[in-house]
Amino acid sequence: MTFTPKFPNFLHGGDYNPDQWLDRPDILDRDVEMMRKAHVNAVSVGIFSWARLEIEDGVYDFTWLDEVIDRLWRGGIHVVLATPSGARPAWMAQKYPEVLRVNEQYQRYHFGGRHNHCFTSPVYRRKVHEMDTRLAQRYANHPAVILWHLSNEFSGHCYCDYCQEAFRGWLKKRYGTLEALNQAWWTSFWAHRYTDWSQVEAPGPMAETSTNGMYIDWRRFATGQCKDFMMAERDAVQAINPELKVTANLMERFWDYDYFSLAEGMDVVSWDAYPMWHSGDDVARAAEFAMNHDMMRSFKDQPFLLMESTPSQVNWKPVNKLKRSGMHLLSSMQALAHGSQSVMYFQWRKGRGAAEQFHGAVVDHDGRDDTRVFKDVTSVGKALEGLRPLYDKEKSPAQACIIYDWSNWWAIDYAQTGQKGNMQYFDSVNMHYRSLWEMGVNVDFRDERECTDLSRYKLVICPMLFMLKESFAQKLRDFVENGGTLLMTYFSGVVDESGNAWLGGAPHNLIDVLGVRATELDALFPEDKQALRMTDGRSFPIHELCEIPEMHGAEGLGAYEEDFYADLPCLTRNRFGKGQAYYLAAKVEQEGLDAIYADIADELELSRAMNQELPRGVIATERGGAVFLQNYSGKAQQVVFEEKYTDMITGAAVEGEHIMPANGVMVLVK
Ligand code: GAL
Ligand code: ZN
């Protein structure tokens, strides 16, 4: 898949803010020269340019942008052109206060910051439409422009009257009648029944905080409102040139919006990755970011773009550490290993003032092109050129799939039980993912939408699938029935899509498939002892959550060691139809999951990036027929290659014993 025929190649570049340097034409000229030197081929322009593009209401100035884009194009640099809706000018906030967001305390913000506009305001939507249309009329057919970058890092929600009204409208459409809404939200609790739609207000600290179903719907609505705003931007620019695709840059572990749903409204997913390397365990950090990358690839089941990353350090973490030698290339290659078609940075050149004056950049305040960072960036640019043969290779089909569902995430976090407020959905899923990632098994992510097709997988994993839709329970049944292997954990199949408990036992509609029924959920204090003892005697620690199972025909593979449920099964397997279903009743630590998945991977013969032993912390990931071998262990490692390869980065032949330096990376082909 290539997102533009204009430049079917890995993008290398980043956010470029020439509007901060309009009084320095010498610097703007030098930029293009230096970009070429750094093997940069594309930059994102205009993300925060509104105040320079529309000087006052209806008075536009595109001359500087014309020059910038032409200058870049003369230098052979492509442009990812942004719509500037992520931050609006002061005059607009002053003239039309309704464009400003209202917070949970019902206070309207004053001008300042960014990403703080109302998505519903008719004035803001009109102004954005006008701006986007003008940008598209001027640039959508420019040869340099290869992609639209809609707004920036969409986030948040608004409590203004327009948004409240829109929320009620959304609910009417979803539920039809007030009675259906009262049922879905279980409003007989605490006398919360509504008798008129006008009584319904967004949940929040000044209003309703105890109705889970309402909160979940508020998050669905907020997703929908953002999606609608984003798609209006898409429609505005594509009205001029329908061929030019749009992306919006997403974020890691982003809870506010359902990203599977938001991604439906864009052509290409992109995201901004800022891993905190060298802050403890880089293998764990790499496992987390590998999962983020795989989620981005999974949202649309196609390659994505790494839109932002730092060439050196960020400036907004409590400790802003530089990347150690090798890490820039390694971290960039990790994105490719999981399906990225770019390595882009925030930012090209450090600004002189304001909040991001010390954020890492390709070019520092000294303006030099011989710095450590500049050289690191250049080597990534060169590496990407050498990897061109991998660019549009068919993606590597995954045989394993993890279900990650946003409504489920919200439902877990709003439910008051277990480790209340600390149920750790993302991190728990990441532990399951990590076991497979360390083995070199490719993983997709899917959610509970109707369009999800599980039939292409051998293994489907449902960690904490607390909210289980009726239709998805059926999909899981069919999957196992037809020969698939399911692994489901504690705290699954408990509530329906409104967040109301299923009656008749959990996991809903899967008790016969799993051969086990979940009864009580026990929560442990950190000092409590519990473990899973496998039938072969191996023992693995358990923390946080334990469910007490009731057997309905499954075979026990491991049992609890401690407490009043000692000897009751904790890991089970059940044959059902042509397939089988595992149930894991407790939060087993990583080593336990590793052991469980090692057995399953062997049994299912899941394909791995490399069929040989690798030192701990050296990870092999297969993408497009190449093996990305990555050393996150923090030290040099000896790898003994059992087959002959060529490293696409260096061109060197690789065989036999080989020392990989700390933060080393190779892209191997046979
Ligand atoms: C991103 C944002 C950029 C820049 C960057 C700094 O979240 O999109 O504009 O602020 O962070 O790391
Ligand atoms: Zn609003």
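Which residues surround ligand 1? In this predicted model, the ligand 1 shell consists of Phe48, Arg114, Asn152, Glu153, Asp272, Tyr274, Glu308, Trp316, Phe346, Glu356 and His359, a residue being near a molecule if one of its heavy atoms lies within 4 Å of it. By class, 4 of these residues are nonpolar, 2 polar and 5 charged; Ala, Val, Leu, Ile, Met, Phe, Trp, Tyr, Cys and Pro count as nonpolar, Asp, Glu, Lys and Arg as charged, and the others, Gly among them, as polar.

| Residue (polar side-chain atom) | Distance to an oxygen atom of ligand 1 |
|---|---|
| Glutamate 153 | 2.5 Å |
| Tyrosine 274 | 3.5 Å |
| Histidine 359 | 2.6 Å |

Taken alone, ligand 1 exposes 310 Å², and the protein buries 93% of that (Shrake-Rupley method, 1.4 Å probe).

Asp272 of the shell also belongs to strand β8, where Val268, Ser270 and Asp272 are buried on one side and Val269 and Trp271 on the other. Buried means under 20% relative accessible area (1.4 Å probe, protein chains only), and strands are DSSP runs of E with at least two residues. Because 5 of the 5 residues of β8 (residues 268-272) are buried, the strand is largely enclosed by the rest of the structure. Strand β7 (residues 246-250) runs parallel to β8 and is joined to it by 4 bridges; threonine 247 stands opposite valine 268.

Residues are numbered from 1 along each chain as its sequence is written, and chains are lettered from A and ligands numbered from 1 in the order in which they are written. Local features need pLDDT of at least 70, side-chain atom pairs count only at pLDDT 80 or more, totals for chains, interfaces and linings use all residues, and side-chain values use heavy atoms, with hydrogens and water left out.

Methods
A polar contact is a pair of N or O atoms within 3.5 Å; within protein, one must be able to donate a hydrogen and the other to accept it, and residues adjacent in sequence count only if both atoms are side-chain atoms. Buried means under 20% relative accessible area, exposed over 50%, partly exposed in between (1.4 Å probe, protein chains only). Two strands pair if DSSP finds at least two bridges between them.
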